[in-house]
Amino acid sequence: MYLSLRLLAPVFSLCTFAFVLFGVDAMALRGTDALRKLSFWIALVGVVISAALLVFPSGPEQGPHLFGHQMLVWDGLSYFLSWIAVLTVFFVILLSERYREFTGLRLSAYFGLLLLAAVGLILLSAANDFLMIFLAIELIGIPSFILTGYLRHKEKSSEAAIKFFLIGAFSSAMLAYGISLLYGLTGTTSLLGLHQALPLLQEKAPIALLAVFFLIVSFGFKIAVVPFHMWVPDAFEGAPIPIAAFLSVAPKIAGAAIAIRVFVLTLEPSTVGISSALAVLAAVTMTIGNVIGLQQTNVIRLLAYSSIAHMGYLLLGLVAATTMGLSSVYIYGWVYLFMNLGTFAIVIALSNAMGSTEISSYAGLARRAPRVSALLVLFVLSLAGIPPTAGFFAKFYVFAAAFDAQWKWLVVIAAVNSLISVGYYFKILHAMYFQAPTETSDVELTSSSLLTLGATSFFTLAIGFAPQFFLGRSQFLAETVIPRSSVSAPGTPAPSVLVPAGVPSVPAPTEAASEPTLPQ
Amino acid sequence: MHVLSLITFLPLLGSLLIMFIPKEQKLLVRVFAAVAAAAALAVSLWLWSSFNGTTADLQFVEKWDWISAFHIKYFMAVDGLSLPLIVLTTLLSLLAIIASFHIEDRIKEYFFFFLMLETAMLGVFVSLDLFLFYVFWELTLVPMYFLIGIWGGPKKEYAAIKFFLFTLLGSVFMLIAFLALYFNSNPHTFDFTELLAQNGVMARNIQLWVFAGLWCGFAVKIPAFPLHTWLPLAHVEAPTAVSVILAGVLLKMGTYGLMRFSFGLLPAATQRLAFWIAVIAAINIVYGSLCSLAQTDIKRMIAYSSVNHMGYALLGMASLSVAGFNGAVLQMVNHGIITGTLFLLVGVIYDRAHTRDINAFGGLGTKLPVYTGFMTFACFASLGLPLLSGFVSEFLCFLGAFQVPAFRTLTAVSFIGVLITAAFFLILIKKVFLGPFNTRWEGLKDMDSRELMATIPLVILTLVLGIFPGIVLHPINVTLTHIVDLLNKVP
């Protein structure tokens with residue numbers, strides 16, 4: 001009991017602050033500057049406290065745990081995604097401060113919804129049961145829809161929210177289909193139960209395949225793999241840019257994480273051809289994302305396609321499905337978070353200063369704002385995977401993982417893709433450095449965007465130059481996932497190794513683990 | 001003593017410090033850039049003088065763990081193969097920086113990128129860990145992209161991105177080849193010496209695949225037919241000093257990588273493919289010279305002559321003989337010096353006349369005696385006149401190639417290239433410097449001191465290396481003999 005409370009402390013703290021913010025929103029009549037400032041600080045303090053709660057008592061060092069009637073699990077994967085969630089929300093809160101389009105709005109509910117989305121992300125990271133996965137996905141989704149449409153007076157924002165909502169509802173329905181088929185086959189919604197029923201799934205291959213297909217479609221919408229990516233550019237363009245930044249990182253990596261949990265750790269990827277399906281999806285995703293990216297003239301839409309392509313690279317680690325693959329997904333997730341949020345931080349600052357996100361409006365920026373431009377060069381080079389930035393190392397790592405797992409054709413496609421991506425990333429550099437400026441005013445940065453830029457650029461360089469520290473950490477996390485074969489009872493730490501892909505695992509030894517868990 | 005790190009990062013340090021100089025202080029920026037480059041040159045000359053030429057061992061080794069999860073090391077060392085290229089790089093960088101003193105536009109950025117480029121190039125030649133090598137290799141692209149794209153000619157933006165994409169196309173395949181080397185070695189390593197020690201472990205057909213991947217990376221840089229199409233555009237659009245570096249140093253990265261990594265680590269594949277490399281070399285020689293012959297733009301003509309001259313080096317390498325290897329490395333150095341001079345001199349006339357059309361001039365010999373003297377000298381050096389440096393290296397390359405029975409016909413065909421090279425350089429001299437004086441150029445001034453300072457050291461070197469090629473050949477010979485021995489030991 002104490003353990004579950006301790007592990008859930010960040011969730012409780014985020015919820016508390018979210019409801020405080022909703023309370024403030026309910027009391028407030030008009031959106032004044034003071035109110036916005038107050039909400040901003042409440043949200044920021046809430047995230048920082050939750051981050052502290054995440055650090056102190058519940059690192060994965062004590063080994064993986066199952067808790068909450070086995071609905072939840074705490075292991076390396078949960079730890080990884082929780083941090084992604086908390087950090088993303090932290091940076092997004094910073095970026096929302098004094099965002100141009102927010103003037104005159106009450107932001108308390110906005111920040112509250114962000115915190116709730118973080119709760120959903122953390123619960124998803126820890127979900128060990130399909131019901132929990134469903135709940136968590138909805139808890140991420142609904143705040144995301146509202147946040148996308150938060151600019152009530154902007155038509156595009158509402159349109160984006162509706163599109164996003166319809167697609168989200170569709171994908172939830174797919175998930176429900178998948179879950180119900182699996183429940184029908186195995187009589188359990190627990191991931192552990194499912195893992196033990198693997199032989200049964202293989203026996204009932206056609207229906208199991210159908211179920212897996214539904215799951216892939218549903219998670220595919222979350223990760224936004226092609227052909228389930230259509231919502232991304234529209235949602236990004238319509239949403240307030242800080243929310244686009246949020247959507248480009250946390251929910252996508254969360255989708256990848258839950259795909260790892262279900263496809264790699266629970267179902268063994270080679271058994272029903274999941275790896276091949278994911279490999280094809282990865283190849284199509286990065287190719288389509290990059291090729292369509294070439295035609296974009298708006299930075300937000302460009303980043304939308306870039307984020308699609310990046311999820312394609314990240315899937316390489318998932319396809320590899322080895323410890324190295326998992327570890328490479330973690331590194332890629334971290335690096336992507338920093339470089340992408342760094343890019344968005346600059347795009348937001350420039351949008352605040354110039355009121356435009358067209359690439360053409362960046363003309364001659366290098367002369368107007370040399371420092372901002374230099375930072376953007378760093379982030380863009382990192383996104384394009386040019387050494388010595390972190391983006392290169394992350395790409396190198398997923399390539400190596402996939403290569404090691406004998407997915408050589410996929411590595412070749414990914415490598416050619418990173419070449420294509422240079423074609424559009426460098427449009428930004430081209431505008432900033434090669435074209436003549438139309439204005440001469442400098443771009444001012446707020447202190448919160450300075451903080452964001454400082455942190456993201458630091459990590460974008462640090463992971464590039466000295467990846468060993470981060471590598472060691474992510475390898476540790478990749479080894480500390482709940483191994484379905486040697487699950488420990490709650491509270492007792494267990495040494496753990498990941499089951500290598502393709503090797504049939506031993507059934508779980510403990511009584512508790514084999515018992516299907518149903519909601520009370 | 002971390003002398004290699006010192007050489008490599010001195011320019012980078014300079015480039016970072018330049019960012020702190022206020023942009024109004026133009027003279028200070030220029031002098032500071034020159035000082036940084038001169039410091040690197042001084043250290044590299046010290047390196048040359050204390051290099052032991054009687055052993056093929058790696059010298060000045062620096063080796064630390066960098067990313068231990070992948071056994072990636074920070075591993076730098078020199079041997080006879082890289083030593084001349086390091087000195088060539090620091091020398092040409094300094095002269096190119098002096099030659100760009102007249103740049104007024106955004107000079108802080110210019111010298112920042114220039115010195116960063118120098119660091120990246122030096123890093124390529126001293127790194128012996130494949131990962132570190134790749135990092136430096138890619139790092140050359142970014143400053144070059146900006147240097148061409150900001151300060152280049154009319155089509156600079158297209159030239160910059162074409163250069164970037166072409167090279168990146170090659171290097172992504174190179175990266176995959178490196179991954180293949182890593183995962184096929186046991187224990188897995190990116191360390192050049194460890195991979196060398198494991199030579200022969202890899203099956204021949206894996207070697208062939210890896211060779212193909214590496215070839216993509218290196219052939220783009222050399223540039224070997226048919227991957228050379230970026231070169232004329234980039235060379236022509238780049239500002240003078242950048243053309244010097246492009247032709248003088250960047251192309252050598254390709255031949256260096258090929259000799260060091262492809263030949264060194266994949267002996268079986270190399271022997272199998274040597275004939276085809278020689279075929280490509282012959283195409284480079286003949287086709288490059290024919291393209292030169294067809295040009296009316298002087299800079300373009302010299303750009304294509306690079307394709308031709310790198311063909312000689314490639315032919316020498318493909319012979320897998322000591323004479324051929326010596327000739328190839330000497331040719332790399334000579335081509336850097338001579339073509340560097342030629343690009344500097346083309347820049348001189350373009351700055352004044354704002355045209356490079358060969359037919360627009362005529363009779364400049366009477367008006368610009370100094371310039372004419374240097375240009376004629378450089379053209380003769382480039383076409384391989386005995387007593388000037390180009391002759392020695394071309395001769396050695398052909399000597400090496402002719403020793404291989406299978407290459408006889410190819411070598412004979414390649415000689416046609418030498419003839420055509422002489423033809424287009426003589427045509428150039430005739431049309432620009434001889435004949436009736438074109439009065440349109442009445443107001444042209446002869447070379448100023450900045451241009452002389454950049455050119456004279458190269459001209460002297462051309463002459464000295466033509467008479468005493470031993471200066472370069474002596475320290476490289478033992479290493480190259482060792483590489484050839486390793487290659488021929490494989491059954």
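Residues count from 1 along each chain as its sequence is written, chains are lettered from A and ligands numbered from 1 in the order in which they are written. As the model is predicted, local features need pLDDT of at least 70 and side-chain atom pairs count only at pLDDT 80 or more, while totals for chains, interfaces and linings use all residues.

Let's start with helix H4 of chain A, residues 108–126. In H4(A), 19 of the 19 residues are buried, so the helix is largely enclosed by the rest of the structure. Buried here means that 20 or more other C-beta atoms, placed from the backbone, lie within 10 Å of a residue's own.

Over in chain B, Thr189(B) sits in the loop between helix H7 (156–184) and helix H8 (192–197). Thr189(B) is buried, with 20 other C-beta atoms within 10 Å. Leaving out residues up to four places away in sequence, Thr189(B) touches His71(B), Tyr182(B), Glu194(B) and Leu195(B); a contact means C-beta atoms, placed from the backbone, within 7 Å.

As for where the chains meet, 23 residues of chain B and 25 residues of chain A take part. On the chain B side, H7(B) gives the largest share, 12 residues.

Notes. Helices (H or I, at least four residues) and strands (E, at least two) are DSSP runs, numbered from the N terminus. The expected span of a helix is 1.5 Å times one less than its number of residues. A residue is buried if 20 or more other C-beta atoms lie within 10 Å of its own, exposed if 12 or fewer, and partly exposed in between; C-beta atoms are placed from the backbone. Two residues are in contact if their C-beta atoms, placed from the backbone, lie within 7 Å.
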